[in-house]
Amino acid sequence: MKARQHAISFDRNFDAPYEQLTEVAANVRHLLAHNPSPFTFKGTGVYVVGRGRVAVIDPGPDDSQHLESLRRALGQETVTHILITHTHRDHSPAAKVLKAWTGAKTYGFGPHGSGRESEGPAVEEGGDRDFVPDIAVRNGELIKGDGFGFRCIHTPGHTSNHMSYALEGEQALFTGDHVMGWSTSVVAPPDGDMAFYRASLKKLLEREDRVYWPTHGGPIREPKRYVAALIAHRDEREADILAALKDGVATIPAMVERIYVGLDTRLKGAAALSVLAHLDELIAKRLVIAEGEAKLSGRFRPF
């Protein structure tokens with residue numbers, strides 16, 4: 001979903017060619033998968049960190065064209081680590097093939113939905129339910145490689161198993177889809193959680209990173225300012241929803257029509273899920289009541 005442009009400025013000049021490994025910083029290279037869409041922007045950005053013996057972050061979709069590009073880009077380098085920020089199908093499925101090629105171990109928080117506190121309905125359609133990391137990592141743990149290290153920063157919200165990775169000694173954070181360089185993140189219940197998402201954003205404000213490397217879009221060079229704008233944007237969305245409820249707008253489709261004026265019709269389903277995530281949080285804060293079950297087809301009113 002596009003944020004209000006007065007609040008967040010996106011870097012749209014990160015135009016590495018498809019299928020070509022491009023150096024974007026010392027010790028960091030980038031390969032753009034050819035899977036552009038309304039949800040992925042120009043495609044999934046695969047990061048390669050190190051030289052000779054390298055780590056690959058979010059190897060991308062299980063697509064033959066992309067996998068061949070990835071194999072060609074890596075050339076004779078030895079992959080020692082495969083890091084997964086989260087298990088959406090444009091991020092993690094290629095890990096299985098990359099592991100088969102290289103023998104490298106995979107790292108991540110856990111399977112899709114594993115960060116949820118309890119069992120519940122099946123998680124969203126875009127989840128990669130096949131991925132299970134060889135090594136499950138937790139917040140604060142250090143992953144060591146040859147000439148690089150990553151500190152694990154658990155950032156649930158977009159998904160419950162979302163992990164960001166801080167490159168040791170560089171004040172650089174690989175943010176996956178928690179903070180993107182072209183759009184605000186979709187938070188889709190039941191696995192996505194708006195309260196966790198906000199808390200994870202505030203967690204990043206406590207850090208002193210100089211640059212974020214998101215999986216979609218360009219680098220973020222003023223991280224604290226950018227994250228503060230994301231938080232303000234969510235505050236605005238919450239206020240929009242409360243105002244709509246006060247005016248008697250009781251259903252999510254009607255709220256989407258009122259709040260997301262001019263939205264690409266292909267994104268209305270994602271917008272509805274984000275509204276539901278806000279409503280779930282508002283219900284927990286005792287500001288909204290669901291008339292029956294809190295779901296996309298439900299009705300809602302102020303507390």
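User: Which residue stands opposite L31 in β3?

Analyst: Two strands are taken to pair if DSSP finds at least two bridges between them, and strands (E, at least two residues) and helices (H or I, at least four) are DSSP runs numbered from the N terminus. In this predicted model, where local features need pLDDT of at least 70, side-chain atom pairs count only at pLDDT 80 or more, and totals for chains, interfaces and linings use all residues, L31 stands opposite V46 in β3. Residues are numbered from 1 along each chain as its sequence is written, and side-chain values use heavy atoms, with hydrogens and water left out. β2 and β3 run antiparallel and are joined by five bridges.

User: How many residues of β2 are buried, and which way do they point?

Analyst: Buried means under 20% relative accessible area, exposed over 50%, and partly exposed in between, with a 1.4 Å probe and protein chains only. Five of the five residues of β2 are buried; V28, H30 and L32 point one way from the strand, while R29 and L31 point the other way. V28 is also the bridge partner of A25, and β1 and β2, which run antiparallel over three bridges, form a hairpin with two residues between them, where N27 in the turn has a positive phi of about 75°.

User: What is the strand order of the open sheet, and which strands stand at its edges?

Analyst: The seven strands follow the order β1-β2-β3-β4-β5-β6-β7, with mixed pairing. β1 (22-25) and β7 (135-136) stand at the edges with a single partner strand each, so one side of each is left without a neighbour in the sheet. A parallel pair is formed by β5 (residues 78-83) and β6 (residues 105-108), over three bridges, with H81 opposite K105 in β6.

User: At what angle do the axes of α3 and α6 cross, and which residues make the contact?

Analyst: Two packed helices are described by the angle between their axes and the distance between the axes. The axes of α3 (residues 194-205) and α6 (residues 268-284) come within 8 Å and cross at roughly 90°, which makes α3 roughly perpendicular to α6; angles of 65 to 115 degrees count as roughly perpendicular, under 35 as roughly parallel, over 145 as roughly antiparallel and the rest as oblique. The contact is made by M194, A195 and R198 of α3 and by S274, A277, H278 and E281 of α6.

Conventions: Axes fitted to C-alpha atoms, helices over the stretch in contact; angles between N-to-C directions. Contact = heavy atoms within 4.5 Å.
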